[in-house]
Amino acid sequence: MAAEVTKPFDLRAVGDDYKYGFHDKEDYSFKSGKGLTAEIVNKLSAMKNEPEWMLKFRLRALDIFLKKPMPTWGNTELLNDIDFQNIHYFVRATDRQERDWNEVPEGIKRTFDRLGIPEAERKFLAGVTAQYESEVVYHSIREDLEKQGVIFLDMDTALKEHEDIIREHFGTIIPPADNKFAALNSAVWSGGSFVWVPAGVRVEIPLQAYFRINTENMGQFERTLIIAEPGSYVHYIEGCTAPVYSSDSLHSAVVELIAKPGAHIRYTTIQNWSKNVYNLVTKRAVAHEDARVEWVDGNLGSKLTMKYPSIFLVGPRAHGEVLSIAFAGSSQHQDAGAKMVHVAPDTTSIIVSKSISKDGGRASYRGLIKVYPQATGVKSSVRCDALLLDEKSRSDTYPTMEIDESKVTIEHEATVSKVGEEQLFYLMSRGLTQAEAITMIVNGFLEPFTKELPLEYAVELNRLIALEMEGSVG
Amino acid sequence: MAEQKTVSTATQVDDPTKRREEPTWMKEARLASWESYLSTQLPGIRDDGWHRTDISGLNLADLRAVDFHSPEASASVSPWVIPALDSLSSHSGVLIQEAGTPAYLKLDSELADKGVVFCDIETALKTHGDKVRRYLGEPADLNDDKFTNLIKSWFNCGLFLFVPPGVEIANPLLSFTSVNYRSSGIADGAVLPRLLVVASEGSRVTLLHSVTAPLSQAVDTALHAGLVDIHIEQAAHVSYLELTEFGPAVYSVTNTRAWLNKDASFTSLTAALGGRLVKGEISTYLNGQGASAEVAGVVLGADNEKYSFNTIEEHNAPDTRSNIHFRTALKDSSTSIYQGIIRVDREAQRTDAYQSNKNLLLGSGAKADSIPKLEILADDVRCSHGATVGPVDQEQVFYLMSRGLTAAEAEELIVLGFFTTVMAKFDHKPAIAWVGSAIASKLIAHDRDSRKQSAGEQK
């Protein structure tokens, strides 16, 4: 979809083939100093005119963040490189949020033009939110959805307009004490989406959000909460990009999903941060009776991603799925996975993970299947496949199964291999170059993922993969 | 060695070398490991390899290393070993070690003439010091955990097996170790075997090792902690079987390590059939090109028994192959944790590794964890793993019952079949039958007990 928009750019000229690596001149209405203190949290909350309880929530979370040690698992070497004192925790790009694209400040508009957002809107996607730095700069939702009673707002506005419902659910799925980065997000969150779908309403066209970091050493901490009332359906899609700077940025989001009885939520992420972004995200869903939650999670960018979308299956017959791909190129570590926690009987889950490591990249699958006692009739299946494209790269699989109930069926399978010689030979005998053949095999390997995406995203993903694959032979 | 020695952190003056007639280098090595022991902590449930394995109930300070004795010519075969010797009648040597009584030792004279050494560890230190020093005299390893340090400093039984280059031993060597706490009057004792196997270039040997500590109500806690080191030189082959059956008071911690040189091969079968908490770690280091390992494990849990096994496959050389098959069947409220890791080094191109863990949950309170891990740094590899957890297939039960079996018999048969598939990977048929009958008797005895119990409840 962004084909025309990216034309003026020589992709190779933008460091490391990363086409979203440009950055805009900073012209901000507010930019916090570096470092994190209670003062910054107070100021941020005051600027946003927040209710007292939210400020208290933030300050309590800050306290937890400061006290909690860094994780001792995962890529601790990279994690310990994060300098929390060298990050801008809040940057306000514009003083107003626009509903008409033409009124968005020119510089920001140009950025999103390059990313193809108005493009997307012209195609009548249901709703679009664009977050630039800490806050949402552009927002739109289709009128018919508004008439159906669907709420799709940025989180800051939602807090003003729907305080009661937010107060009831905010931080209930991922409490600040869950982990150090959830605590950080809870302290300094800004932006993100709030979605509420009334009972029985099906949102047929995906809601979309774009996240963009522009400032060097920026921290982006968006906060998303989606509540699907009984029997409703919604598909939410997010995309993320950032410019290439020599020093690192931090993206630490918290995403909470609540699927009430019989509701169905699908959450799709195409994460394509530049290779200097730490992407440390906590995503968790609760699925009630007969509900269904799906995380479709694509990880292409970032320096280090640690992300394990999880689903707590708390009502009988709830179903959870995670479909995850990770592409780890040079100097990247994709530590991604999934967690399924079966609390109620007859709940089912499926995890499919595909990873590709290349040019010294490292892809890790880390997952958990947990079945609590009395959760009888649980069925869970996990499938992890990894493809290694050269001898410099690395692939890890770290699954954990904790099964505390006997009447269950749990299956896990994983494979690691290289591109099959026979497949290559066959394709090349049909006239493809080696590079084309490998790209085709990789696309085929990822097909279970791509086929779950809306068409324009699938096309975009294939293009991104082709870009990543360039120069992988010879 | 007349007195019992205290293995106690409370009394740091304890000296593991006291009253031992051993070479100075051995005493020094024991002391060095004792120092390390005193400064290391008991593993916690978050430590590597100890996931949800809680050993904090074991108070090492209360334990004493029990006394074992060297072989005497007059020693005779104890009655409890006779059934095993019957089912393994073709063998090349036997070593029986029991707490408090002289060891029994026999080795085919033909093998002794060829230079094969098979004896208890104490004798080995006295008469083959030159051969064992390289392995036992090594300085304390900083990576050793508390139990390894404990064994290295206080080992009180065990064996040494040396096979000279090119010698192929067709029939297995047998080792039986037993502590009968009740009859020996030893309470709260520690059995700390150290096994050392060296298979020289082009040699071939099978070692069957069994440790039992019969049930005893008289004992609060007892510990079996073993260290098994197996060195397999170029093109040599070792088959190693370990069968452990412990009573409900016994904690067991075993660390088995095999180092494989070029074209070496290793086949192992671990069978764990009882104990309060049975922890085992089986590491295979495929250090030479073309080395291959076949590692199998069967665990049958009942009552409140807890099992925790780790397998570690390190592929450090090209063209290496490993196959892991670990199967667990859990009755009542027994629990199992299996962790397995395949590590493939950058050098280890053309590695072929497979790991499978299957868990049958038979009892309503049974729990099983499975953590099969892969760390792959080479690209031209074939690595995969699979894990399953679930109950007995009711269709199979139904089929067998339609053929006239009771539900209990059907389950027994299915469990035996479940294990047999994996045991068949071991390359010594009589040994498989021997372990199979031990599994069957635990299954049957247990079913009989629970039937009696439920009959009693009905009255």
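**Reading helix packing and contacts**

Author: In this predicted model, the axes of helix H1 (residues 38-47) and helix H2 (residues 52-67) of chain A come within 10 Å and cross at roughly 155°. Residues are numbered from 1 along each chain as its sequence is written, chains are lettered from A and ligands numbered from 1 in the order in which they are written. Local features need pLDDT of at least 70 and side-chain atom pairs count only at pLDDT 80 or more, while totals for chains, interfaces and linings use all residues.

Reader: How are the axes and the helices defined?

Author: Axes are lines fitted to C-alpha atoms, for helices over the stretch in contact, with angles from 0 to 180 degrees between N-to-C directions. Helices (H or I, at least four residues) and strands (E, at least two) are DSSP runs, numbered from the N terminus.

Reader: Are H1(A) and H2(A) roughly parallel or roughly antiparallel?

Author: Angles under 35 degrees count as roughly parallel, over 145 as roughly antiparallel, 65 to 115 as roughly perpendicular and the rest as oblique. H1(A) and H2(A) are therefore roughly antiparallel.

Reader: Which residues of H1(A) and H2(A) meet?

Author: Contact requires C-beta atoms, placed from the backbone, within 7 Å. Ala38(A), Val41(A) and Ser45(A) of H1(A) meet Met54(A), Leu55(A), Arg58(A), Leu59(A) and Leu62(A) of H2(A). By class, this contact has six nonpolar residues, one polar and one charged. Nonpolar covers Ala, Val, Leu, Ile, Met, Phe, Trp, Tyr, Cys and Pro; charged covers Asp, Glu, Lys and Arg; the others, Gly among them, are polar.

Reader: What is the helix contact in chain B?

Author: There, the axes of helix H1 (residues 24-39) and helix H6 (residues 146-154) of chain B come within 8 Å and cross at roughly 150°. That makes H1(B) roughly antiparallel to H6(B). Residues from H1(B), including Arg30(B) and Trp34(B), meet residues from H6(B), including Lys146(B) and Leu150(B). The contact divides into three nonpolar, four polar and three charged residues.

Reader: How many residues does each chain give to the contact between chains A and B?

Author: Chain B gives 30 residues and chain A gives 29. On the side of chain B, E21(B) gives the most, with 10 residues. That side holds 14 nonpolar, eight polar and eight charged residues.

Reader: In which sense do strand E23 of chain A and E21(B) pair?

Author: Strands pair if DSSP finds at least two bridges between them. Strand E23 (residues 394-403) of chain A pairs with E21(B) in the antiparallel sense over six bridges. Ile403(A) stands opposite Ala368(B) in E21(B).

Technical notes
Two residues are in contact if their C-beta atoms, placed from the backbone, lie within 7 Å.
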